[in-house]
Amino acid sequence: MNQISIDKAATIMGVSSATIRNWVKAGLIEPINARPIAFSEESVALLKNQVSSGALQKLQTRANKAQSKNDFIPLEYNSNSGFISILNTILEQFKNHSLAIEPLLFLAALCCLEQNSELKRPIQSDVFDLTQAEFTRVLVRQEILGWRTSLGEITHKERYKDIYDLLFTKDTEDLLGILYQSLRSEGNKSNLGSYYTPTHLVQDALQSVRLETVSNFLDPCCGTGKYLIEAAKTFSLPPESIYGFDIDQLAVQIARVNLLMHYKKAEFSPNIFCLDALSDLANGDFFCTTNHLMGFFDLIATNPPWGAYKNSSIPVQFQNVLESSETYSMFILKSMQLLKKSGALSFILPESILKIRTHSDIREFIVKNSTMIKIIQLGRQFSGVFTPVVRLDLKNEIPNNNMLELHDENKLVTRVGQNRFLYNTDYIFDTRVDDTVEALIQKIYAKPHLTLQGHSEWALGIVTGDNTKYLLEQPTPTAEAIYRGMDISPFYLTAAKTFIEFTPSQFQQVAPERFFRADEKLIYKFISKKLVFAFDDTQALTLNSANILIPKLPNMSIKVTMAFLNSSVFQFLFTKKFATHKVLRGDLEKLPFPNLEPDVHNQLEQLLDNVLETKIVSAEIDNLIFQIFELTQEEIDLIEGT
């Protein structure tokens with residue numbers, strides 16, 4: 001019986017490892033080994049067949065994006081708005097005529113070469129015929145004829161003629177790149193973790209490099225070559241000094257043609273090849289032909305794939321540093337090995353690298369083994385991707401408590417010492433904290449306090465597996481209210497808009513009923529940039545966007561606990577130290593609940609009772625909490641400004 005790891009199972013199913021764990025809890029797949037979790041190959045195959053056939057309809061939405069056949073035009077990747085209507089027409093014909101991607105892209109490459117006067121040929125009915133073609137450069141001819149040979153016999157050639165005519169004379173920046181991105185399905189992009197980078201982000205990254213000279217450049221996951229072309233422009237590099245690698249053979253072919261077209265008169269064969277840079281590039285094996293590239297590069301810049309590495313386990317070379325199988329973490333480690341001493345690295349990464357506990361391994365490596373130059377908040381940049389992104393700039397130098405720049409979305413810049421990250425829990429990169437804010441945070445934590453860790457119980461809201469089936473818009477004699485994240489206001493719940501018949505055995509995931517039926521509990525928004533906690537003593541049910549906390553702090557009631565969680569002081573701490581787009585238990589367990597005198601506790605309790613009765617939130621609650629932490633007016637202004 002073949003065993004499959006949880007990461008491998010996630011890859012096969014096209015979902016995250018966390019989703020696989022949830023399916024185990026729900027009893028939808030049973031592991032054959034608990035530590036580490038492993039499954040039989042047969043059980044994973046059976047589950048995949050059940051999802052594909054619709055037998056497990058409630059799981060299909062989880063795998064939906066990775067299996068999606070939808071395509072969309074990545075508008076952020078192209079600045080020529082006039083080309084979009086042409087592109088939509090091409091996509092329509094591509095679908096209607098059931099054309100193949102690679103022959104279409106090959107034609108697009110021919111169009112680009114003809115427009116650049118690199119290729120001449122007579123008008124002919126067969127747009128793929130190169131027998132009478134004249135090339136201005138020998139190695140361009142060699143590249144294109146090699147590509148044509150690899151295509152083999154092309155069926156329905158006549159269907160491509162209209163697209164060839166549409167593409168010809170249509171000048172747009174990186175036509176091949178945007179065409180390829182638009183033709184690929186959303187599922188294909190998701191599986192590869194590959195979303196190509198907008199030009200302005202590439203240019204900003206390369207133009208801000210702090211190196212006296214750049215004599216060579218590498219993009220280890222180069223796609224169609226955007227970084228390679230911009231590096232050539234920015235640093236005036238000769239073509240032999242530019243290197244690119246990618247696991248996508250077609251993207252590599254496009255990148256090679258793009259680089260050849262950039263250097264219009266040079267005879268060269270691009271240093272761009274199809275291989276897995278993590279496992280096959282300069283890996284030290286005796287027969288590895290790229291070992292000479294170890295410690296070779298001045299500058300490495302890229303937008304690496306995001307998500308779990310597609311192989312079943314972490315490559316041996318990274319196991320002494322990484323505990324997670326995050327692909328971009330491996331690319332950071334690999335790139336540091338490929339850089340010269342004092343060489344520079346610039347990566348576009350998901351914002352989750354800054355604070356999520358899973359990525360503490362790569363943060364620890366970065367803060368201890370590199371000189372951090374910049375962290376830039378970039379916001380959302382990719383069509384179809386909700387995740388905000390950041391740019392991380394490093395140098396391959398031993399850190400010496402250097403000052404790095406933190407840029408927010410509004411272009412405001414602060415400077416902090418790198419050592420501060422070294423002493424943060426989980427090496428969190430708290431980029432929204434300057435020295436003034438850090439001093440205030442330290443003052444708040446200096447107050448004698450307890451935390452929720454060890455003094456609380458937690459539960460997730462119900463995951464039905466099929467909300468359309470189970471959620472009702474109107475109550476019935478057997479249905480009761482169920483609260484969602486949108487129903488939660490600070491301190492109290494708004495009127496429920498959704499109802500459900502509580503049948504736990506039919507749902508995908510349900511906490512023990514005692515959590516829902518507790519005499520008192522707090523309900524909080526899970527997907528949120530802010531802390532929003534409501535009091536409930538009605539034994540109400542919650543959906544998975546509304547989680548449950550039952551605090552048990554000594555000498556502090558549940559209502560007073562809620563007062564602190566909704567306070568401006570805790571909002572300030574959460575925003576500066578922890579805020580992602582989720583309110584995580586691990587972050588909440590780090591918040592400081594101060595020891596209170598009985599009279600102060602009772603005063604807060606009375607204020608909370610009044611809020612729950614009138615639904616009017618009093619400013620006195622915040623003012624009293626400011627007094628408890630002994631904050632000055634200047635500190636209060638800073639908190640309220642945040």
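How many bridges join strand S19 (residues 521–525) to strand S22 (residues 546–551)? In this predicted model, the number is four, and the two strands run antiparallel.

**Sheet**
- The sheet is open and has four strands in the order S16-S22-S19-S20, paired antiparallel.
- Its edges are strand S16 (456–459) and strand S20 (533–536); each has a single partner strand, so one side of each is left without a neighbour in the sheet.
- From one strand to the next, the twist averages 30°.

**Helix H22**
- Helix H22 lies across S19, S20 and S22, and runs at about 165° to S20.
- Helix H22 (residues 558–565) is largely enclosed by the rest of the structure, because eight of its eight residues are buried.
- The buried residues of H22 include Lys-559 and Thr-561, along with Ile-558, Val-560, Met-562, Ala-563, Phe-564 and Leu-565.

**Cavity**
- One cavity of 30 Å³ or more is counted.
- The largest cavity holds about 90 Å³ of space.
- Strand S10 (339–350) and strand S12 (389–395) each supply at least two residues of the lining of the largest cavity.
- Residues lining the largest cavity include Ala-344, Leu-345, Ser-346, Asp-393, Leu-394 and Lys-395, and also Ala-205, Ser-208, Val-209, Arg-210, Leu-299 and Ile-373.
- By class, this lining is made up of seven nonpolar, two polar and three charged residues.

Notes
Residues numbered from 1 in each chain as written. Predicted model: local features only at pLDDT ≥ 70, side-chain atom pairs only at ≥ 80, totals over all residues. Heavy atoms only, no water. 1 Å grid on protein atoms, 1.4 Å probe; cavity = no way out; pocket = protein on both sides within 12 Å on 5 of 7 lines; lining within 4 Å. Points joined across faces, edges and corners; volume = space filled by probe spheres on them. Nonpolar A, V, L, I, M, F, W, Y, C, P; charged D, E, K, R; others polar. Buried < 20%, exposed > 50% of the residue type's maximum accessible area, 1.4 Å probe, protein only. Pairing = 2+ DSSP bridges. Axes fitted to C-alpha atoms, helices over the stretch in contact; angles between N-to-C directions. Contact = heavy atoms within 4.5 Å.
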